[in-house]
Amino acid sequence: MVNEQRNLRLPKTIEEEEELDALVSQGPLAIYAWIYGPDSLLARKVASSTWADFGITDPHEGLKLLIAGMRKIQAGEYE
């Protein structure tokens, strides 16, 4: 799982951000699959989860928070 966190894919362009935002309605699995890959452990862990399971009422805002947190992981601000 640590290796997956090191190799996560985050949006680099406006188009990629829009692509991710369009996946929000499909639930967390679609987002995690885009970021970590469809066969990743993290994607499999959230396979049956909903945004509500994460306490998120606005999935678009939840996505922004998720990406911001993952950017901190990439920057080494979180371990």
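**Exercise 1. In which helix does A33 lie?**

Solution. This is a predicted model, in which local features need pLDDT of at least 70, side-chain atom pairs count only at pLDDT 80 or more, and totals for chains, interfaces and linings use all residues. Residues are numbered from 1 along each chain as its sequence is written, and side-chain values use heavy atoms, with hydrogens and water left out.

Step 1. Helices (H or I, at least four residues) and strands (E, at least two) are DSSP runs numbered from the N terminus. A33 belongs to helix 3, which covers residues 28–36.

Step 2. Contact means heavy atoms within 4.5 Å. Leaving aside neighbours within four places in sequence, A33 is in contact with P38 and A43.

Step 3. The C-alpha atoms of A33 and R9 are separated by 9.8 Å, and the two residues are 24 apart along the chain.

**Exercise 2. Determine how many residues of helix 3 are buried, and name them.**

Solution. Step 1. Buried means under 20% relative accessible area, exposed means over 50%, and partly exposed lies in between (1.4 Å probe, protein chains only).

Step 1. By this criterion, eight of the nine residues of helix 3 are buried, so the helix is mostly covered.

Step 2. The buried residues are P28, A30, I31, Y32, A33, W34, I35 and Y36.

Step 3. After helix 3 comes G37, with a positive phi near 105°.

**Exercise 3. Describe the overall make-up of the protein chain.**

Solution. Step 1. The chain contains five helices and zero strands, and its pattern along the sequence reads α-α-α-α-α.

Step 1. The chain has 79 residues, of which 33% count as buried.

Step 2. Among contacts between residues at least 6 apart in sequence, 57% join residues at least 24 apart.

**Exercise 4. Is V24 buried or exposed, and which residues does it touch?**

Solution. Step 1. V24 is located in the loop between helix 2 and helix 3.

Step 1. The relative accessible area of V24 is 3%, so this residue counts as buried.

Step 2. Not counting residues up to four places away in sequence, V24 touches I31, W51, P59, H60 and L63.

Step 3. For one of these partners, H60, the separation along the chain is 36 residues, while the C-alpha atoms of V24 and H60 are 6.6 Å apart.

**Exercise 5. Find the salt bridges of the structure and state how accessible their residues are.**

Solution. Step 1. Side chains of opposite charge can pair when their charged atoms come close. A salt bridge is a side-chain nitrogen of Lys or Arg within 4 Å of a carboxyl oxygen of Asp or Glu.

Step 1. One joins E16 and R9, with the closest N and O atoms 4.0 Å apart. R9 is partly exposed because its relative accessibility is 36%.

Step 2. The side chains of E61 and K64 form the other, at 3.3 Å from N to O. These two residues are three apart in helix 5 (residues 59–74), which means that about one helical turn separates them.

Step 3. E61 has a relative accessible area of 40% and is therefore partly exposed, whereas K64, at 54%, is exposed.
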